[in-house]
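Please keep the sequence and the model in view while reading.

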Amino acid sequence: MIKKPKRDRTQQFYETVRNEYRRLSEITEYGKPKYSTERILAELACRFFKSEKTIENIVFNRV
């Protein structure tokens, strides 16, 4: 099966989600990460109107 390249708009969306995940995961308090991975995925799912599984797949490059 030949994979087609993603559309520019889709790629831009994926990069936005990944950048936001990175930003939230770098926030620390008392030297420890402030938010858990599950919390960040839930936050992004709500913000971008996608399921948590979809966000997880985008963040971890499964799509």
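The text below describes the first helix, its sides and its contacts.

This is a predicted model, in which local features need pLDDT of at least 70 and side-chain atom pairs count only at pLDDT 80 or more, while totals for chains, interfaces and linings use all residues. Residues are numbered from 1 along each chain as its sequence is written, and side-chain values use heavy atoms, with hydrogens and water left out.

Helices are DSSP runs of H or I with at least four residues, numbered from the N terminus.

| Helix | Residues |
|---|---|
| helix 1 | residues 8-25 |
| helix 2 | residues 37-48 |
| helix 3 | residues 52-59 |

The 18 residues of helix 1 should span 26 Å at 1.5 Å a residue, and its end C-alpha atoms, 26 Å apart, agree with this; the expected span is 1.5 Å times one less than the number of residues.

Buried (under 20% relative accessible area) in helix 1 are Y14, V17, R18, E20, Y21 and L24. They cover an arc of only 160 degrees around the axis, taken from the directions from the axis to the C-beta atoms, and therefore lie on the same side of helix 1. The face turned away from this buried side carries D8 and R9, which are exposed (over 50% relative accessible area).

The buried residues of helix 1 pack against helix 2 and helix 3. E20, with a relative accessible area of 14%, touches L44 and R47, not counting residues up to four places away in sequence; contact means heavy atoms within 4.5 Å.

The axes of helix 1 and helix 3, lines fitted to C-alpha atoms over the stretch in contact, come within 9 Å and cross at roughly 90 degrees. The two helices are therefore roughly perpendicular (65 to 115 degrees). Here F13, Y14, V17, R18 and Y21 of helix 1 meet I55, I58 and V59 of helix 3.

Terms used:
Axes fitted to C-alpha atoms, helices over the stretch in contact; angles between N-to-C directions. Parallel < 35°, antiparallel > 145°, perpendicular 65-115°, else oblique. Buried < 20%, exposed > 50% of the residue type's maximum accessible area, 1.4 Å probe, protein only.
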